[in-house]
Amino acid sequence: MLQILRKIAFPFSLIYGMVVYLRNLMYDKGLFTSVSYKTPTICVGNLSVGGTGKTPMTEYVLRMLEHHRVAVLSRGYKRKSKGFLLAMPQSGVSDLGDEPYQLHRKFPKVAVAVDADRRNGIEQLEQYVKPEVIVLDDAFQHRRVKPTFSLLLTAHDHLYAVDWYLPTGNLRDAKKEAHRADVIIVTKCPVGLTPLDRKAMMAKLKPKSHQKVLFASLRYADEVTDGKGNHMLLEALKDKDVALVTGIASPEPLLRHMTTMGIKVLHYEFGDHHDFTEKDIQKFSGHDLVLTTEKDFVRLEGKVQNLFYLEVSHHFTPEDHTELEKSIKGLLH
């Protein structure tokens, strides 16, 4: 049914594509201005509407920069606060939004800020935090800021090169804008990707001569946690009645992992960044255990009994990791 509706919406995608084209043209011609900053900025983004693993990639970059004074700037999608906000110990998920709050909890030494106006956010961070580098989360399409370095993510099973504009497809920006990236990262790759597989994807992406293309797969933790210090091996869930609750753009990899592990779950699927209501929670209460993603956990914590989450991260080959690390750390020297 969804695919039929998307096909019907094709004329709207043409209008959307034209608006995107004109907007980018204005920046390309200098009618709209892109501003660079003295502080090095690293953009982590994509051309589509989620599902590429931006937050785990931001975490990957933060770990690389753990010995530097780093700030993260995000829009703070669906937060209830307004304007610029720097995360404080008392800040909650409603103040920051789910993904920035997740980063704030996980990286307490990193200055996490939210602001829909990226220029203002960077200027506030430069004035009050004075970081060595600022990571711009989900900012590839925000051309008012010209980042020092850009990572463009695209999912293995949904390459931007074979996608189309919203609402028929998932693209929120033009494919040709990929040329602005310094590194293109194909995420969610199958484990054991062969050189032929890489070559086939490179043929579709057609990177420019200045661009590196790297490949990453998802790696799930061996255990689940309730955020209070209690852990349980993932394999122990095989004998339990498990509700899997997801409010993310692409739950398919997680579902595949559950199947691979031999864990039977009853999947309750919600839209990305879903605001869970009491009615929603009643639907999946009563199971032995409620398993969710780390992003959803911060919105459900304290509202659901027997709630656990499974951590996920990106995994590169040693060669690709070294290539990425060399590029990122090179910005600070």
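Let's start with a term: an axis here is a line fitted to C-alpha atoms, for helices over the stretch in contact, and angles run from 0 to 180 degrees between N-to-C directions. Helices (H or I, at least four residues) and strands (E, at least two) are DSSP runs, numbered from the N terminus.

The model is predicted, so local features need pLDDT of at least 70, side-chain atom pairs count only at pLDDT 80 or more, and totals for chains, interfaces and linings use all residues. Residues are numbered from 1 along each chain as its sequence is written, and side-chain values use heavy atoms, leaving out hydrogens and water.

First topic: two helices. Helix 3 spans residues 54-64 and helix 5 spans residues 98-106. Their axes come within 11 Å and cross at roughly 30°. The two are therefore roughly parallel (angles under 35 degrees).

Who makes the contact (heavy atoms within 4.5 Å)? From helix 3, Thr55, Thr58, Glu59, Leu62 and Arg63. From helix 5, Glu99, Gln102, Leu103 and Lys106. By class, that is two nonpolar, three polar and four charged residues. Nonpolar means Ala, Val, Leu, Ile, Met, Phe, Trp, Tyr, Cys and Pro; charged means Asp, Glu, Lys and Arg; the others, Gly among them, are polar.

Next, the largest pocket. A pocket is an open set of points on a 1 Å grid over the protein atoms alone, where a 1.4 Å probe fits, with protein on both sides within 12 Å along at least five of seven lines. Lining residues have an atom within 4 Å of a point. This pocket has 39 of them, with Gly51, Glu99, Asp272, His273 and Lys295 nearest its centre. Helix 3 gives the largest share, four residues. The lining divides into 12 nonpolar, 15 polar and 12 charged.

Conventions:
Parallel < 35°, antiparallel > 145°, perpendicular 65-115°, else oblique. Contact = heavy atoms within 4.5 Å.
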